[in-house]
Amino acid sequence: MATRTKLTGRAISRQTWVAWRGGGMETGLAGRANERVTRAPVRRIALPAFRPRRSVGRLVRFAAALAGALVLAALVAVVALLDGSANGLPAGARIGDVAVGGLGEEAARARLTPRFEELAAQPVTFTLGEQTWSAPPAEIGISYDLEATLDAAASASTGSTGSFPGRLFGTARAESGAVVVPLAIRLDQGAFGRFLDRLDTEVGSAPADASVAISGTAVSLVPSREGLLIDREAAQSALLPLLSTLEPVSVSLGQRPVPPAIGDEQGTALAAELERALAEPLIVSDGDQQWPVAANEVAALVRMTAIERNGSRELAATLDDAGLGALIERLAAEIDTESSDAWIEDRGGWSFLVPATNGRTLRRDDLAAAFRDGLLSGVHEIPVPVDRDADPPAVTTDQLLADLGITDLLAEGDSAFAGSDPGRDTNVRLAAERVDGALVPPGGTFSYNGALGTLFDSGFATANSMIEGFATAEGGGVCQVSTTIFRAAFRAGLPIVEWWPHSFRSPFYEQAGWSPGFDAAIVQVWQEPEATTDFRFVNPTDSWMLVRVRVENGSDLRVQLLGAPTGYEVGVDDPVQEVIAPAPEAVVEVDPALPPGSVVEDRPAADALAVTVVRRVYDAAGNEIAVDPFVSSYGAQPAIRRVSSDVAETS
């Protein structure tokens, strides 16, 4: 409610002040209700003294009284003109379409309240094509502010600043016609945006940023898509003027295309980087020890995220925190060790070297950072970050080997198992771990099945096997390790007392330049590993011999045979190959999941083949001491092709 201030016995509005200044008069807007009318101090002027006649003095006093009365009458008239009435809004004033001329503030509020309530309940209609939506103003974020409107009306009643004559004539002109004060209308941008969001879910389509999809280790681009959304600026520009008409409002909406923040170019570049990153396994290494992390295991941790950089949105790849933490804890279980002496362990009658260990503790956060940094940088081997114990073991591995007479590297064998299915991959790694460190006594015989132990336990998986045809078996793939040991023993010139080739050729044994005829098959019968097909060689020296087996670079297998020098030199005749029978007709399998026009060759055709490899062993004097033929007979096998449904129909 307006504050009233007394002046010469009559009330005036808080928006108006009137004061005498040296015989003049000023009007204007009072900034605050507590401002009072102030008077300028009277300046006294000294005049020459004279004594008028009595009649002249009475005349002067009468004239002065008459002038004062006229000025007072003019003041009352001006106040009436400016206020419109003694206590209210200007005569003829209207707020919107409601007449409020001459009303005080409370009376005007009472008259306006029903109209404001009516407007607040009047729905607003939006149309887009054939779609129509209606909502009350409050749901859209529109409100009619009664108090702000009354304040604007009260301010308008005081006129404007300027010279007195101008204000006087302006007020007079206002009284000759209506003074219209518009309604104060407010629009909550947040509520209005949420309302349009709801409409967009029905008729719009949001833009989609480009992304990258990973299935296994296969990387592909997820293309971006342009969106089509309601034009919000145009909607607001159309809405506000219509509200001021006080009539029912109907707004026609339009849509505009919205480009994605991340385009296909970014997605394509990131997909190429991820494809390179997942092309090989990630190796965590400490000296000659390695802990490979398969590419598909890394791929399962990759997450796509959008980041803000230099004011723009970018697509980035990161690693899942929880999954990465679990992987690092798994590695830590193998990497974290306490210092221990080298020693010989007996495993069911077979002796194994347990190397000395220098105590170490994995720095988990540093390894996590190295994984993230290496993801897109092309790094595939990470030196493991560890803290090492200060005290070394009392018995080192070298000391123990020297005591056993193991001093020299006799030969190495190698093979590759990249492309193995998960079960075969598991079996190769587990077999390598079990056989590593096997010791062969002086004059003793190494048995692969004996060192490996039974395949029929919970550690080995069921995988493809190629002994008596194509089938699956427990431990399928462990022949990768027996083949690699055979190659080391073959190169070392050691006497090989049991060796069997596979029934069919395998691409796993012909990688890295190896020809057919250099593989070694084993077979186990339930719980009788040593009574079945085996691979065995003899240690011909008077010292112990050590078999070291390790996986390198994720899918390369390396075997080292160490012991006392034998003085042997080995020569190999060129392998002789003879085709026994041609490959049968290809086997075609229909795969409905393949895209149209697809032909995928899962296995190439192979003729039935006989291969003879002759090894010649010479002693230190150059005398030939052994001629060993190794004859392999491989069965014919058809090509296996998978085709899409449309290709099968036209074949």
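I take helices as DSSP runs of H or I with at least four residues and strands as runs of E with at least two, numbered from the N terminus. By that rule I place threonine 483 in helix α15, residues 479-492.

**Ground rules.** I am working on a predicted model, where local features need pLDDT of at least 70 and side-chain atom pairs count only at pLDDT 80 or more, while totals for chains, interfaces and linings use all residues. I number residues from 1 along each chain as its sequence is written, and side-chain values use heavy atoms, with hydrogens and water left out.

**Overall.** I looked up the totals and found 16 helices and 41 strands in the protein. Of the 651 residues, 39% are buried (under 20% relative accessible area with a 1.4 Å probe, protein chains only; exposed is over 50%, partly exposed in between). I also checked contacts (heavy atoms within 4.5 Å): of those with a separation of 6 or more, 71% are between residues 24 or more positions apart.

**Threonine 483.** A polar atom of its side chain lies 3.0 Å from the backbone nitrogen of alanine 520. I note the rule for a polar contact: a pair of N or O atoms within 3.5 Å; within protein, one must be able to donate a hydrogen and the other to accept it, and residues adjacent in sequence count only if both atoms are side-chain atoms. Leaving aside neighbours within four places in sequence, I list His502, Tyr509, Phe518, Asp519 and Ala520 as contacts of threonine 483.

**Aromatic pairs.** I searched the whole structure and got 11 aromatic pairs. The rule takes rings of Phe, Tyr and Trp (its six-membered ring) with centres within 6.5 Å; planes under 30 degrees apart are stacked, over 60 edge-to-face, and the rest tilted. Phenylalanine 486 and tryptophan 499 are stacked, at 5.7 Å centre to centre and 25° between the planes. Phenylalanine 486 is in helix α15 and tryptophan 499 in the loop between β31 (496-498) and β32 (536-538), 13 residues apart. Both phenylalanine 486 and tryptophan 499 are buried.

**Charge over a ring.** I require NZ of Lys or CZ of Arg within 6 Å of the ring centre and within 35 degrees of the ring normal. Arginine 615 lies over the face of phenylalanine 490, at 5.4 Å from the ring centre. Arginine 347 lies over the face of phenylalanine 352, at 4.0 Å.

**Sheet.** I traced an open sheet of 3 strands, in the order β37-β41-β38, with mixed pairing (two strands pair if DSSP finds at least two bridges between them). β37 (587-590) and β38 (599-603) are at the edges with a single partner strand each, so one side of each has no neighbour in the sheet. I find 4 bridges between β37 and β41 (residues 640-643), which run parallel. Valine 590 stands opposite valine 643 in β41.
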